[in-house]
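Colleague: Could you walk me through this model before I set anything up?

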Amino acid sequence: MSTHNECVIIERHKAFIEQIETNPEHAVTCAQDDIADEIFAMMEAKNVSRAELARRMGVSRMTVTKMLRGQNLTIRTMVRVGKALGYKLRSNLYEPMEDK
């Protein structure tokens, strides 16, 4: 059985999560994480290390590491990553399904 204080904490937590999820920066962070995950998957599929990707792109290994953390992910960078791994960039904006 929950106490009143536990219920208050749960409600505050729910409100906090809702604020985060409606913040545009949250969407950016999620997109960056998704892109980094896709790059990791492509690297694994092609058996390409960070050092090898850096060499193919003509950048430092640190640049690749930052990119895989979601930093410096520009369209130009995405095209270069794709080319280095044998993929093409395709953008995909979609209308999210509402939670029901």
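Predicted model: local features only at pLDDT ≥ 70, side-chain atom pairs only at ≥ 80, totals over all residues.

Colleague: How many helices and strands does the protein chain have?

Modeller: The protein chain has five helices and zero strands, taking helices (H or I, at least four residues) and strands (E, at least two) as DSSP runs numbered from the N terminus.

Colleague: And what share of the residues is buried?

Modeller: Of the 100 residues in the protein chain, 19% are buried, where buried means under 20% relative accessible area, exposed over 50% and partly exposed in between, with a 1.4 Å probe and protein chains only.

Colleague: Switching to charges, how many salt bridges are there?

Modeller: The count is two salt bridges, each defined as a side-chain nitrogen of Lys or Arg within 4 Å of a carboxyl oxygen of Asp or Glu. Arg-55 and Glu-52 form a salt bridge at 2.6 Å, N to O, and Glu-52 forms a salt bridge with Arg-56, with the closest N and O atoms 2.9 Å apart.

Colleague: Why are Arg-55 and Glu-52 separated by about one helical turn?

Modeller: That is because they are three residues apart in helix H3, residues 50–57. Glu-52 and Arg-56 are likewise separated by about one helical turn, because they are four residues apart in helix H3.

Colleague: Is Arg-55 buried or exposed?

Modeller: Arg-55 counts as exposed at 58% relative accessibility, whereas Glu-52 is partly exposed at 22% and Arg-56 is partly exposed at 39%.

Colleague: Now Thr-65: which side chain does its side chain make a polar contact with?

Modeller: The side chain of Thr-65 contacts that of Arg-50 at 3.4 Å, a polar contact being a pair of N or O atoms within 3.5 Å; within protein, one must be able to donate a hydrogen and the other to accept it, and residues adjacent in sequence count only if both atoms are side-chain atoms. Thr-65 is found in helix H4, residues 61–68, and counts as buried because its relative accessibility is 9%.

Colleague: Last topic, where does Ile-75 lie?

Modeller: Ile-75 lies in helix H5, residues 75–85, and at 65% relative accessibility it counts as exposed.

Note on methods: Residues numbered from 1 in each chain as written. Heavy atoms only, no water.
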